[in-house]
Amino acid sequence: MRLGRTCAQVCAVGLLVAVSACSTVPSSISRLPPSDLPKGARIQTLEGPLAEVQQSLLAQLRDWQGTPYRLGGTSRQGIDCSAFVQTTLSGLFKVSVPRSTDQQSRVGFEVEPQYVLPGDLVFFRTGRQSSHVGVYVGSRWFLHASTSEGVTLNSLDEPYWRR
């Protein structure tokens, strides 16, 4: 899902995209060496504004990695998936989204999987009435607060997430 932005919040790249072209991305992002990524993740480094979004998200991973999952949590002592997405988008990109996964899934607009960009939200149905959200980083990897691992990076190609 891509979040719509107003013209003042979007870089001129020919498309109205969300965080992936947002001009509020910090300009001095330290690059995270590929060897520091968990689970052997290999993420293709992008160019231009998308590179800044991607590097901001990887820096967020470095800062929050291992923070435990806690349902209803909103801090480094414990955080749930929707609070982590809300904190990430607000802190890195000054983008405000609702607090719950269900509410977050109702903002923005849907994009086809092959067009997902760094900064887009990815949603999963994890049970009959439960859902999960993360932020796409690139190369089929997403950042999220996992119930089993805390804040981490996972691949969309892992069997659990592919379902």
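Let me begin with T88, which sits in helix α2. Helices here are DSSP runs of H or I with at least four residues, strands are runs of E with at least two, and both are numbered from the N terminus. This is a predicted model, in which local features need pLDDT of at least 70 and side-chain atom pairs count only at pLDDT 80 or more, while totals for chains, interfaces and linings use all residues. Residues are numbered from 1 along each chain as its sequence is written, and side-chain values use heavy atoms, with hydrogens and water left out.

Back to T88, then. Is T88 buried or exposed? With a relative accessible area of 0%, T88 is buried. By that word I mean under 20% relative accessible area; exposed is over 50%, and partly exposed is in between, using a 1.4 Å probe and protein chains only. If we set aside residues up to four places away in sequence, T88 touches L57, Q60 and F93. Touching, or contact, means heavy atoms within 4.5 Å.

Now let's step back to the whole chain. The protein has four helices and six strands, and from the N terminus on they run α-β-β-α-α-β-β-β-β-α. Of its 163 residues, 46% are buried. Among contacts with a separation of 6 or more, 50% are between residues 24 or more positions apart.

So how do α1 and α2 meet? Their axes come within 11 Å and cross at roughly 125 degrees. The axes are lines fitted to C-alpha atoms, for helices over the stretch in contact, and the angles run from 0 to 180 degrees between N-to-C directions. α1 and α2 are therefore oblique to each other; under 35 degrees would count as roughly parallel, over 145 as roughly antiparallel, 65 to 115 as roughly perpendicular, and the rest is oblique. The crossing is right-handed, meaning that the near helix is turned clockwise from the far one by less than a right angle, with anticlockwise being left-handed. On the α1 side the contact is made by V53, S56, L57, Q60 and W64, and on the α2 side by F84, T87, T88, L92 and F93.

The largest nonpolar core has 29 residues, and L57, L89, L121, L143 and L153 have the most contacts inside it. A nonpolar core here is a set of buried Ala, Val, Leu, Ile, Met, Phe, Trp, Tyr and Cys residues joined through side-chain atoms within 4.5 Å. Two or more residues each come from α1 (48-64), α2, β4 (131-138), β5 (141-146) and β6 (150-155). Which element gives the largest share? That is α2, with seven residues. Apart from this core lies another one, of seven residues, including V122, Y136, L156 and W161.

Next, the loop between α1 and β1 (74-75), where we find T67. T67 is buried, at 8% relative accessible area. The side chain of T67 reaches the backbone oxygen of W64 at 2.8 Å. That is a polar contact: a pair of N or O atoms within 3.5 Å, where within protein one must be able to donate a hydrogen and the other to accept it, and residues adjacent in sequence count only if both atoms are side-chain atoms. T67 and G150 are 83 residues apart in sequence, but 5.2 Å apart C-alpha to C-alpha. P68 is in the loop between α1 and β1 too, and counts as partly exposed at 39% relative accessibility. For P68 and V151, a separation of 83 residues goes with a C-alpha to C-alpha distance of 6.6 Å.

D80 is another loop residue, between β2 (78-79) and α2 (81-93). At 6% relative accessibility, D80 counts as buried. Its side chain reaches the backbone nitrogen of G72 at 2.9 Å. Beyond four places in sequence, the contacts of D80 are Y69, R70, L71, G72, G73, R99 and A145.

Finally, some backbone angles. Most residues other than glycine have a negative phi. S139, however, has a positive phi of about 50 degrees, and R140 has one of about 70 degrees. S139 is partly exposed at 32%, and R140 is partly exposed at 36%. Thanks, everyone!
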